[in-house]
Amino acid sequence: NAPEETGQPVREPGQTRATQPGRRLQKENTWRRLWKDYGYIPVTVVCMLLLFKVIFQIAWVPSGSMETTLHHRDLMLVQRIAYTPRQGDVVVLRKDNTFDNQALVKRVIGLPGDTVRFQDGYVYVNGEELDESYLPRQGISASGSREEYAVPEGHLFFLGDNRTGSWDARSWDDPFIPVENVRSHVLVCISFLKGNSWLGIRAVA
């Protein structure tokens, strides 16, 4: 006699319900749908991790030497690679023999071969008065131990924007820092602590 038709799919010998082609297809479609809807999340996370591991970095402002441009304990977004220091840039640098090898945040004033001079509270580079509109007020740049600095090749000259309260090239035994000691370029500052949170997020110039 012919087997009774039940309307149910016939499984081959050894084939379990979990391995039926229809269920496999349903499972594959579920994974495809999940990837289509949410696959961007792990891709975005991986891309962000790579960006902040290789190209960008988040760091704290370690002191008040760059006020009022950067405040103590502000957050900075810095660019780590493919950067050549330019006059006026705010950078993170390493200086030998600093306490606990702490990174410093300063502004590039003199490039290799430049002559930096202080006169009547103003800064001159190669004989021209430097435009320092980023300072809270003008005419406050004291000279330190000497009035003129000739920047050697391969080195840079740095000052803090807080000219009356910054430990910078004017106070260092060796006022010049090798270019390779510059670690990154400050792009964005984020102020959120009590007292300066109104500054918010801003580009650093």
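## A walk through the loops and the fold

Let's start at D120, which sits in the loop between β5 (115–119) and β6 (122–125). Keep in mind as you look that this is a predicted model. The backbone at D120 has a phi near 55 degrees, a positive value in a residue that isn't glycine. Is D120 buried or exposed? With a relative accessible area of 66%, D120 counts as exposed, because the cut-off for that label is over 50%.

Follow the chain through β6 and you get to N126, in the loop between β6 and β7 (128–129). N126 isn't a glycine either, and its phi is positive too, at about 55 degrees. Its relative accessible area is 47%, so N126 is classed as partly exposed.

Now step back for the overall layout. How many helices and strands does the protein have? The tally is 2 helices and 12 strands. Of the 205 residues, 36% are buried. If you take the contacts between residues at least 6 apart in sequence, 58% of them join residues at least 24 apart. As for the surface, the accessible area of the protein is about 13300 Å², and carbon and sulfur atoms account for 54% of that.

E67 and T68 are joined by a cis peptide bond, with omega at about 15 degrees. To find T68, look in the loop between β1 (56–60) and β2 (75–79).

The last stop is R163, in the loop between β9 (155–159) and β10 (176–178). Is R163 buried or exposed? The relative accessibility of R163 is 3%, so this arginine counts as buried, given that the label applies under 20%. What does the side chain of R163 meet in a polar contact? The partner is the side chain of E132, at 2.5 Å. Which residues is R163 in contact with, once its neighbours within four places in sequence are set aside? The list runs I109, V123, E132, Y134, L135, I140, S141 and R170.

Definitions and conventions: Residues numbered from 1 in each chain as written. Predicted model: local features only at pLDDT ≥ 70, side-chain atom pairs only at ≥ 80, totals over all residues. Heavy atoms only, no water. Helix = DSSP H or I, 4+ residues; strand = E, 2+ residues; numbered from the N terminus. Buried < 20%, exposed > 50% of the residue type's maximum accessible area, 1.4 Å probe, protein only. Contact = heavy atoms within 4.5 Å. Areas by Shrake-Rupley, 256 points an atom, 1.4 Å probe, with all protein chains shown as cover. Polar contact = N/O pair within 3.5 Å; in protein donor to acceptor, adjacent residues only side chain to side chain.
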